[in-house]
Amino acid sequence: MRLSRILAIFVCILVISPAGFAQKKKAAAPAAPAEGTLTPAAIQKALDEAYEKFKDVKEGKNADYIKELARVDPNIYGIAIVTTDGTIYTKGDLQSAVSIQSISKVFTMARVIEEQGPRVIMDKIGVDATGMRFNSIVAVELQKGKEINPLVNPGAIASTSLVNGSDSAAKWKSILQTHSDFAGRQLGLDGPVYISEAGDNLRNQAIAHLLLAYGRMYFDPVQATDIYTKQCAISVNAKDLAVMAATLANGGVNPVTKKKIVSPETVKYTLPVMATAGLYDDSGQWLYATGVPAKSGVGGGIIAVVPGKFGIAVISPPLSPAGNSVKAIYTIRAIIEALGVNPYQITPKQ
Ligand code: DON
């Protein structure tokens, strides 16, 4: 008998024999925490443990292409979870605020979907990952302004341009109100960050003009870029971001204020874009590790949404080369794992 056949028979015996089965079981991954273990104590413990584990991580570097961001304290480290019943759990620095940056793209996209339906995002922007950096011009050029998404700069500026409002002031008012409603309190602008980026955003202006050239910009490109720059400078702390994420986790109703901000239908179309492109060229790695939609910003924040359960946010300014907070990635990954809430982690029915 050929050696390969002998080997095949041996493997079959191993798999179907009780001894083989026992061996396979032994090698299986540790079981997920059982349903119903999302208790207040378990949530707080997961936050406390992640904080202790990662508080001394020094990897990454503040964004400095927006000059004011380089001046932000790199030691800010705040974690918050808000559950869909409105309970708030925190650890670390909840006082310090950072600019929301690209996390704002999620809420402006949600505003557009709420106002004009999901089709408009598909038809006028796109919902595909570019696989490139968030401010890639090549990504726009390659597809002639098509097949991008609202979470990279080009799609986000296009999304801002689509928000209802006859002039720039009306669009900005609507965007700031949307963010405030999601956060459950009146948010404001980080003036120095806005001025710093507005004085130095020729690249985003170029992107907006390139989109205009391809018929994919839906308002004056200079003004749309300015509104977009303002929305990126909205000031938030970790708790604000967690409430915003929890509002998505709760189907569009803010679980703290109980106010309906957007419809469940809008959330249904917002979360998949976050899953596809929320962490840019690292989105695949993120989804592989956590299974949940998320969004980062170069201010140092990341939000993640565990649908129906909770929103989580971490702020820590030093970033990876892809522009995502290093410590926030470590922290949220660890907490999702500790709480067993990766939706792809399925306990088989026996
Ligand atoms: O337009 C920019 O470059 C910034 N205002 C936002 C970029 C950003 O946050 C990318 N996210 N990680």
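I started with Asp-181, which is buried because its relative accessible area is 19%; the cut-offs are under 20% for buried, over 50% for exposed and partly exposed in between, with a 1.4 Å probe and protein chains only. Before going on, I noted that this is a predicted model, where local features need pLDDT of at least 70, side-chain atom pairs count only at pLDDT 80 or more, and totals for chains, interfaces and linings use all residues. Residues are numbered from 1 along each chain as its sequence is written, and side-chain values use heavy atoms, with hydrogens and water left out.

**Entry: salt bridges**

Which side chain does Asp-181 meet in a salt bridge? I found Lys-259, at 3.2 Å, N to O. This pair links distant parts of the chain, 78 residues apart: Asp-181 sits in helix α8 (residues 168-183), and Lys-259 in the loop between α12 (238-249) and α13 (264-277). For the record, helices are DSSP runs of H or I with at least four residues, strands are E runs of at least two, and both are numbered from the N terminus. Lys-259 counts as partly exposed, at 42% relative accessibility.

My count for the structure is 13 salt bridges, each a side-chain nitrogen of Lys or Arg within 4 Å of a carboxyl oxygen of Asp or Glu. Side chains of opposite charge can pair when their charged atoms come close.

I also looked up Glu-68 and Arg-71, whose side chains meet in a salt bridge at 3.2 Å, N to O. Glu-68 is partly exposed at 22%, while Arg-71 is exposed at 66%.

Next came Asp-226 and Lys-230, with a salt bridge at 3.9 Å, N to O. Both lie in helix α11 (residues 221-232), four residues apart, about one turn of the helix. Asp-226 is partly exposed, with a relative accessible area of 25%. Elsewhere, salt bridges that share partners join Glu-52, Lys-55 and Asp-56 into one network.

**Entry: Ser-168**

Back to helix α8, where Ser-168 has its place. Leaving out residues up to four places away in sequence, I see Ser-168 touching Phe-219, Gln-223 and Ile-227; contact means heavy atoms within 4.5 Å. Ser-168 and Ile-227 are 59 residues apart in sequence, with their C-alpha atoms 7.1 Å apart in space.

**Entry: strand β1**

Is strand β1 (residues 78-83) largely enclosed or open? It is largely enclosed by the rest of the structure, because six of its six residues are buried. I checked both faces and they are covered: Gly-78, Ala-80 and Val-82 on one side, Ile-79, Ile-81 and Thr-83 on the other.

β1 runs antiparallel to strand β2 (residues 88-92), with five bridges joining them; strands pair if DSSP finds at least two bridges between them. Val-82 has Ile-88 as its bridge partner in β2. The two strands form a hairpin with four residues between them, and Gly-86 in the turn has a positive phi of about 90°.

β1 also pairs with strand β7 (residues 310-315), again antiparallel, over six bridges. There, Thr-83 has Phe-310 as its bridge partner.

**Entry: α14 against α15**

Last, I looked at helix α14 (residues 283-290) and helix α15 (residues 326-339), which pack at an angle of about 30° with their axes 9 Å apart. In α14, Trp-286, Ala-289 and Thr-290 meet Ile-329, Ile-332, Arg-333 and Ile-336 in α15.

Methods
Axes fitted to C-alpha atoms, helices over the stretch in contact; angles between N-to-C directions.
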